[in-house]
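Please consult the sequence and the structure while reading.

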Amino acid sequence: MSEVVYDLREVKRARYAVAAVFAVHGAVTGSFATRVPWIQDHAGVSAGQLGLALAFPALGASLAMPLAGSISHRFGARNALRGLIALWTLSLVLPSLAPNLPALCLALFTYGATAGMADVAMNALGVEVENRLDRSIMSGLHGMWSAGALIGSAAGTLAAHLGSDARLHHALAAVTLTVLGVVACRWVLDLQPAEDEEPPPRFALPPRSALLIGAVGFCAVFAEGASLDWSAVYLRDQLETSAGLAAACTTGFTLTMALARIAGDRIVDRYGAVRTVRFSGVLATLGGLLIVLSDQPALAIAGFALLGLGIAVVVPLCFAAAGRSGSNPSLAIAGVATITYTSGLIAPSAIGGIAQATSLMVSFCLVTVLSFGLVAFARVLRAGDRDRPKVSRPDAAVPDPRP
């Protein structure tokens with residue numbers, strides 16, 4: 001990339017714009033998740049068939065993510081994000097239109113592919129803004145995603161409670177979120193490739209640095225997926241709690257993660273990514289130990305809360321490190337995103353399989369071991385560190401830090 005000078009006020013506007021895009025992205029996910037039962041009934045699929053169909057979003061995302069870099073190179077970062085976020089928001093209507101299993105699988109594959117490409121594009125722009133501001137913002141951006149998901153879930157819960165048709169609900173949500181996402185993209189950074197810059201390959205293996213960083217993200221997302229899908233079951237089956245208390249544990253875990261992400265940037269700025277992830281790993285490991293060793297619901301709930309605090313900022317920091325780990329940020333981010341998506345896909349079934357063979361307590365022993373992996377391998381995030389331009393005046397110009 002050729003050197004570009006940005007006004008600091010423009011960069012700050014870009015930060016809020018990218019945050020809005022993250023919230024829109026999360027709202028689509030929340031809107032979809034709450035209407036899955038309606039979609040299952042409309043498509044006439046069994047629980048097993050639904051489980052098969054729900055694997056297709058991750059498959060679509062994994063295959064499509066590497067395309068985001070070439071799209072950004074061809075159209076520029078702003079136009080690429082504008083188009084990809086619009087495709088993602090509009091794809092929300094597809095699953096509710098599916099009349100049978102094959103159509104549902106195709107709809108969810110498209111849904112996941114657009115989600116993955118938009119995910120890579122917005123994380124790449126988030127890293128660019130972070131570089132120019134010389135302070136951590138990625139944790140807060142992912143906190144905005146969580147906030148958007150909660151808002152989308154709340155709206156979807158209300159729509160389901162009112163008995164509304166998911167096709168109408170998702171059509172209205174898609175139009176609203178498309179407008180919000182496209183308008184927000186007006187103020188993101190408009191990065192353009194240099195004239196002599198070679199376009200990235202459409203499909204390529206991620207660099208080795210991204211694989212190492214992705215391994216750290218894998219540990220965090222595995223713990224997240226296991227906790228989201230199995231925390232309520234753990235309290236109900238292992239500790240014999242009521243269904244209400246078990247559900248409250250899952251809600252508390254989600255809120256803990258969202259709040260920790262929103263507040264995490266200050267901690268990262270003060271202590272750095274490596275020390276933050278090491279400390280996060282300690283918290284997550286202590287949480288896992290509390291879960292598997294406690295025989296009281298209160299202690300187990302506290303364990304899940306600690307686990308949520310510990311893993312909250314890890315994935316944002318992995319994306320930030322990947323974006324600074326080589327000459328092709330989009331390819332590195334796509335590699336890390338693919339690994340984390342894969343982790344989120346296999347975690348629930350892996351926990352279930354181990355529980356079937358042994359017990360849920362043994363399953364969460366694995367979660368605890370992976371949480372300790374954050375402590376052991378946090379140093380790989382140092383590979384993405386580099387000197388960034390310092391900004392001291394409110395009207396200062398911020399140069400592009402890339403060569």
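This is a predicted model: local features need pLDDT of at least 70, side-chain atom pairs count only at pLDDT 80 or more; totals for chains, interfaces and linings use all residues.

**From values to terms**

Q: Which residues of H6 are buried, and against which helices do they pack?
A: The buried residues of H6 include Leu-81, Leu-84, Ile-85 and Trp-88. The buried residues of H6 pack against H1, H5 (67–75), H8 (101–133) and H10.

Q: Why are H1 and H10 called roughly antiparallel?
A: The axes of H1 (residues 8–33) and H10 (residues 166–184) cross at roughly 170 degrees and come within 9 Å. Angles over 145 degrees count as roughly antiparallel, and H1 and H10 are therefore given that description. Their crossing is left-handed.

Q: Which residues make this contact, and how are they divided by class?
A: Among them are Ala-17, Val-21, Val-24 and Val-28 of H1, together with His-169, Ala-173, Leu-177 and Gly-181 of H10. By class, the contact of H1 with H10 has eleven nonpolar, four polar and no charged residues.

Q: How do you know whether Phe-22 is buried or exposed?
A: Phe-22 lies in helix H1. Buried means under 20% relative accessible area; Phe-22 has 1% relative accessibility and therefore counts as buried.

Q: Which residues does Phe-22 touch, leaving aside those up to four places away in sequence?
A: Phe-22 touches Met-122, Asn-123, Leu-141, His-142, Met-144 and Trp-145.

Notes: Residues are numbered from 1 along each chain as its sequence is written. Side-chain values use heavy atoms; hydrogens and water are left out. Axes are lines fitted to C-alpha atoms, for helices over the stretch in contact, and angles run from 0 to 180 degrees between N-to-C directions. Helices (H or I, at least four residues) and strands (E, at least two) are DSSP runs, numbered from the N terminus. Angles under 35 degrees count as roughly parallel, over 145 as roughly antiparallel, 65 to 115 as roughly perpendicular and the rest as oblique. A crossing is left-handed if the near helix is turned anticlockwise from the far one by less than a right angle, and right-handed if clockwise. Contact means heavy atoms within 4.5 Å. Ala, Val, Leu, Ile, Met, Phe, Trp, Tyr, Cys and Pro count as nonpolar, Asp, Glu, Lys and Arg as charged, and the others, Gly among them, as polar. Buried means under 20% relative accessible area, exposed over 50%, partly exposed in between (1.4 Å probe, protein chains only).
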